Amino acid sequence: MATVELRFSALPEHVRTARLVAAAVARRAGVDEAVLDEVRLAVGEACSRAVGLHQLSGVTAPVKVALIEEEKQFSIEVGDEAPHQVPGGSDAGDGTEAEAEEDEMGLAVISGLVDDVEVTTGEHGGLIRMTWPTTPPPAVALA
């Protein structure tokens, strides 16, 4: 299992770089060429979400992206270290409801792009794991 790890400062200008790296590694891992746009968009959305959460919470830690090549699948994990509000928690009326709506919209976009998505959140951060099937490279015939 090969893994590429990427860490970047929580700044919007670094999201594009994460998208490009993710697409390049996904292509090399054997993700279908027709799906690469979805990989780029999903990674961009997940990274933008993490950057926004870090900025809103004042977290200075980097956003973490892991690109994991396994035998028949390729996974991307985007992690943040922002505290996530527990569902049903108090709403102070300070814009957190609008932020929660925007967060849900971002997760809905990701879910629409990726069939296999797992989202975990807690008071110490969150993780979005997205997985795509891969096809093995064609066998090379020796003459």
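This is a predicted model: local features need pLDDT of at least 70, side-chain atom pairs count only at pLDDT 80 or more; totals for chains, interfaces and linings use all residues.
Helix 2 is followed by Gly58, whose phi is positive, near 75°.

**Helix 2 itself**

- Helix 2 has 22 residues, which at 1.5 Å a residue should span 32 Å, and its end C-alpha atoms agree with this at 31 Å apart.
- An α-helix has 3.6 residues a turn, so residues three or four places apart point the same way.
- The buried residues of helix 2 include Leu36, Val39, Val43, Ala46, Cys47, Ala50 and Leu53.

- You will find Arg49 in helix 2.
- With a relative accessible area of 11%, Arg49 counts as buried, because the cut-off for buried is under 20%.
- Leaving aside residues up to four places away in sequence, Arg49 touches Asp80, His84, Asp103, Leu107, Thr121 and Ile128.

**The largest nonpolar core**

- This core holds 31 residues, and those touching the most other members are Phe74, Ile76, Val78, Met130 and Trp132.
- Two or more residues come from each of strand 1 (2-8), helix 1 (15-29), helix 2 (36-57), strand 2 (63-69), strand 3 (73-80), helix 3 (96-113) and strand 5 (125-133).

**Ile76 and its neighbours**

- Beyond residues up to four places away in sequence, the contacts of Ile76 include Ala22, Val39 and Val43.
- Ile76 also touches Val65, Ala66 and Leu67, along with Ile128, Arg129, Met130 and Trp132.

Methods: Residues are numbered from 1 along each chain as its sequence is written. Side-chain values use heavy atoms; hydrogens and water are left out. A nonpolar core is a set of buried Ala, Val, Leu, Ile, Met, Phe, Trp, Tyr and Cys residues joined through side-chain atoms within 4.5 Å. Buried means under 20% relative accessible area, exposed over 50%, partly exposed in between (1.4 Å probe, protein chains only). Helices (H or I, at least four residues) and strands (E, at least two) are DSSP runs, numbered from the N terminus. Contact means heavy atoms within 4.5 Å. The expected span of a helix is 1.5 Å times one less than its number of residues.
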